[in-house]
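Here is a short report on one protein model. Please look over the sequence and the structure before reading on.

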Amino acid sequence: MGLGPYDFAAGLPFLRALEARARFPFLCANLVDRNSGDPVFRPWVIVGAGGFRVGLVGILDSTLQVREFGDDFRLEPTFGAIKRYAQELKAAGCDLVVVLSAVDPKKLRLAAKTVDEVDLLVAGDPDDKVRLPWRIGSALVGSVAHLGRYLGHVTVTGSPGGRAALTHGLVAMKPEYPDEPAVRRLVDRYYRFAAVAKLRVPHGIVSDEEELAVNVRQGGALYVSARECARCHPDAHRQWRTQPHARALERLPPADRQRAECLECHVTGFGEWGGWAEGATVDLGGVQCEACHGPGSLHPAAPMPRSLAAAAEGCRGCHTRSRSPGFKLKEARARVDCPPGAVPRLD
């Protein structure tokens, strides 16, 4: 596993704890101890495939903010680390050297041009686009993003010890491909665990009754749906019903309603405890009132806590450049704002 910046989101100690439990190596060549200069993780590993010895090296973008990793560590320059370890792997007898990274593919073109020992550079993509691979000299620079809709694969032809040829391809994750049951359970458990952990439950998965008790103790709110909001805010509800947001779930093709990356922007409260769940008694399909105002079960006894200005900035989480080309926040907000007087202004 080549580590990327998101893998450090919960902190380096947490990631090291995961590494200790994993049955595969975590690779990162250029995150090093500030004093000793030693890599924090394994820089590379050699694996066998089809008779070939393949060296895999993990690389982080050295322009990342080092404070994310703590004061005791530093990032060595990306290209210098690629060159050093690619040469090391070739010297160790590797037929192929593969760089695993979340680095922008445009940045990796320089490494492909200047490091002869590299055969394949796997890149990230900040724009979530599907890009055809670039062949630069004898190296291939490839990336697959687009919200997990595709897998990339590379076919190697030739013979070990000789010059190998690499061919890149894409496999679309079609709706008819069934979920792997074990992975589906893992994803479902993650969403449940993350939602409960947000309420600071000191142990793992809990019952629905205990979740309800936690909600009351912590003063948190549940999602209640736009139907409940309409009881006191009929004008705002009527306007919302005319907006595409109200039909966001209906507009998804049936197969996409099983995809987490689609549901997170087409329902309300996805992945949050008390948020959208298939078959739940509370209908949270579409982008409803609580997507902007926050869960409403404690309202009107307590004011709605979320600033509308902050909620509007949250629009950019779904309306990215790749999903909504030409999106303009100010114009979009003017179209979806509640009618004057329908709700109190919070900002």
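## Ground rules

Helices (H or I, at least four residues) and strands (E, at least two) are DSSP runs, numbered from the N terminus. The model is predicted: local features need pLDDT of at least 70, side-chain atom pairs count only at pLDDT 80 or more, and totals for chains, interfaces and linings use all residues. Residues are numbered from 1 along each chain as its sequence is written, and side-chain values use heavy atoms, with hydrogens and water left out.

Leu-170 sits in strand 10 (residues 165-172). Its relative accessibility is 34%, so Leu-170 counts as partly exposed (buried is under 20% relative accessible area, exposed over 50%, partly exposed in between, with a 1.4 Å probe and protein chains only).

## Salt bridges

A salt bridge is a side-chain nitrogen of Lys or Arg within 4 Å of a carboxyl oxygen of Asp or Glu. By this rule there are ten. One of them pairs Lys-90 with Asp-119, at 3.4 Å from N to O. This pair links distant parts of the chain, 29 residues apart. Lys-90 is in helix 2 (residues 78-91), and Asp-119 is in the loop between helix 3 (105-114) and strand 6. Lys-90 is partly exposed at 27% relative accessibility, while Asp-119 is buried at 5%.

Arg-259 and Asp-256 also meet in a salt bridge, at 3.0 Å from N to O. Arg-259 is buried, with a relative accessible area of 14%. Asp-256 is buried too, at 13%. Salt bridges with shared partners join Asp-256, Arg-259 and Glu-261 into one network. Glu-228 bridges to Arg-231, with the closest N and O atoms 3.0 Å apart. Glu-228 is partly exposed at 37%, and Arg-231 is exposed at 62%.

## A residue with positive phi

Ser-225 lies in the loop between helix 5 (208-218) and helix 6 (226-229). Its phi is near 95°, a positive value in a residue other than glycine. Is Ser-225 buried or exposed? Ser-225 is buried, because its relative accessible area is 8%.
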